[in-house]
Amino acid sequence: MILDEELVAKYVDTKDEHPFSILYGRYAHKVRRKCGGMLKNTELAKDSSHDVFIKVLTNIPRFNNKL
């Protein structure tokens, strides 16, 4: 299994979407569940989890191996 840090580095270096899609697959359910617990609304949780990943994608170049 490829480490998260390696996937982030590969995405930052290549801008290839595949490494990010692997990360999304690993964490989307957890993020959506956390949002659902906080918002108590399935649709809002779904929208909010997408917003979280957009923020991650936007800010991923700032990542400095601190997971």
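This is a predicted model: local features need pLDDT of at least 70, side-chain atom pairs count only at pLDDT 80 or more; totals for chains, interfaces and linings use all residues.
Residues are numbered from 1 along each chain as its sequence is written. Local features required pLDDT of at least 70 and side-chain atom pairs pLDDT 80 or more, whereas totals for chains, interfaces and linings use all residues, and side-chain values use heavy atoms, without hydrogens and water.

Helix 2 spans residues 17-39, helices being DSSP runs (H or I, at least four residues) numbered from the N terminus. A kink of about 45° is centred on Tyr-27, the bend at a residue being the angle between axes fitted to the seven residues ending there and the seven starting there. The side chain of Tyr-27 forms a polar contact of 2.3 Å with that of Asp-4 (N or O atoms within 3.5 Å; within protein, one able to donate a hydrogen and the other to accept it, with residues adjacent in sequence counted only if both atoms are side-chain atoms). Asp-4 belongs to helix 1 and is buried, at a relative accessible area of 13% (buried denotes under 20%, with a 1.4 Å probe and protein chains only).

Just after the helix, Lys-40 adopts a positive phi of about 55°.

The buried residues of helix 2 are Pro-19, Phe-20, Leu-23, Ala-28, Val-31 and Cys-35. Their cover includes helix 1 (4-14) and helix 3 (42-59). Contacts (heavy atoms within 4.5 Å) between helix 2 and helix 3 involve, among others, Phe-20, Tyr-24 and Tyr-27 of the former and Leu-44, Phe-53 and Leu-57 of the latter.

Conventions. Helices (H or I, at least four residues) and strands (E, at least two) are DSSP runs, numbered from the N terminus. Buried means under 20% relative accessible area, exposed over 50%, partly exposed in between (1.4 Å probe, protein chains only).
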